[in-house]
Amino acid sequence: MVNLEWYRTFKSVYKNGNFSLAAKELFISQPAVSQQISMLEAHVGYKLFIRKSKGVEPTQYAKLLNNLIIEALDRLENVENGFRAKAFDANKLISIGISQHLFSSLGSALVPKFDFINFSFQENETLFELVDDKKLDFAIVTKKYDTFDTVQKKIGEIKQVLVGSNDINASDLKAKIKTKDLDLIEHWLNEQKWFSYESNIPHIKLFWLHVFNKKRPSMVPNFIIPSEYEMIEVLSKNSGIAVVWDINARNYIAENKLQLLWNSNKMPKTEVFLLSGKNQNLTPFFSEMELYFKSILA
């Protein structure tokens with residue numbers, strides 16, 4: 001029976017002119033190369049290589065055999081490599097880093113698209129470092145980095161908005177917003193129960209800075225829940241207000257579980273980027289995720 005490994009070894013020896021180089025290329029021992037060539041010679045009935053002081057020289061029979069098999073062997077190896085690549089793509093465990101506060105709205109959307117994902121919760125700077133050090137395949141960040149070693153594409157924009165539970169009568173607030181009376185608006189907001197995902201209230205501070213032009217809000221959060229999406233879930237079942245990413249609140253508002261209190265035009269939009277190390281094996285995953293995220297954030 002013909003052993004294809006004999007022909008693969010023959011091709012390598014013929015190309016390299018050396019048993020040792022062929023062994024390195026094939027990741028097998030030199031005696032194994034010699035044995036396979038001997039078995040092939042016994043099978044075809046002709047001497048294929050003449051040993052020299054520096055390697056081997058193909059005989060006329062070897063040249064003829066090479067002409068007969070090289071094209072078919074190349075086609076077979078191309079098929080084999082293509083099959084391995086597809087199998088690798090189908091079963092590769094990809095690692096994705098994302099902020100915990102954006103996971104439910106963005107990260108979880110990838111679960112139906114891929115078979116194997118290892119998620120990691122970190123913030124922008126750490127995510128960039130992990131991708132740059134090739135410890136993460138991909139990251140979703142809200143900051144653009146100037147780097148030559150990574151690929152970064154904008155996938156959309158998100159914005160911080162003010163939302164509240166449905167039991168709140170917001171007519172007074174919306175009337176004050178129309179008149180642009182910031183002092184009365186701030187007074188109304190300070191009287192409410194506030195939800196935050198962190199005691200430092202970064203989202204609320206940013207909202208106050210852009211909307212009220214104040215560095216420090218005078219309110220104090222009543223409830224601190226360290227995941228924005230979980231915070232929104234609790235808020236939807238209780239009474240209070242919060243500053244959240246619009247992408248996180250979108251479904252709650254659409255399903256009438258929360259009400260949009262204020263989408264201020266003074267609040268800037270934040271760009272969202274998909275980040276990856278430069279790796280051709282990751283390119284198909286990157287392209288698929290880029291298109292998918294753009295459709296979500298459109």
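User: In this predicted model, where is Ile168 found, and is Ile168 buried or exposed?
Analyst: Ile168 sits in the loop between strand 7 and helix 6 (171-179). Its relative accessible area is 11%. Buried means under 20%, so Ile168 is buried.

User: Which residues is Ile168 in contact with, leaving aside its neighbours within four places in sequence?
Analyst: Contact here means heavy atoms within 4.5 Å. Leaving aside neighbours within four places in sequence, the partners of Ile168 are Trp188, Gln192, Ser239, Gly240, Ile241 and Gln259.

User: How many Å apart in space are Ile168 and Leu261, C-alpha to C-alpha?
Analyst: In sequence, Ile168 and Leu261 are 93 residues apart. In space, the C-alpha to C-alpha distance between Ile168 and Leu261 is 9.7 Å.

User: Why do the buried residues of helix 8 line one face of the helix?
Analyst: Helix 8 (residues 202-211) buries His203, Ile204, Phe207, Trp208 and Val211. Seen down the axis of helix 8, these buried residues line one face because they fall within an arc of 135°.

User: Which strands and helices do the buried residues of helix 8 pack against?
Analyst: Two helices take part: helix 7 (182-190) and helix 9 (228-236). The strands are strand 7 (160-164), strand 8 (195-196), strand 10 (241-245) and strand 11 (259-262).

User: What is the orientation of helix 1 and helix 2 to each other?
Analyst: The axes of helix 1 (residues 4-16) and helix 2 (residues 19-26) come within 8 Å. They cross at roughly 130°. The crossing is right-handed. Helix 1 and helix 2 are therefore oblique.

Methods. Residues numbered from 1 in each chain as written. Predicted model: local features only at pLDDT ≥ 70, side-chain atom pairs only at ≥ 80, totals over all residues. Heavy atoms only, no water. Axes fitted to C-alpha atoms, helices over the stretch in contact; angles between N-to-C directions. Helix = DSSP H or I, 4+ residues; strand = E, 2+ residues; numbered from the N terminus. Parallel < 35°, antiparallel > 145°, perpendicular 65-115°, else oblique. Left-handed = near helix turned anticlockwise from the far one by under 90°. Buried < 20%, exposed > 50% of the residue type's maximum accessible area, 1.4 Å probe, protein only. Arc of directions from axis to C-beta.
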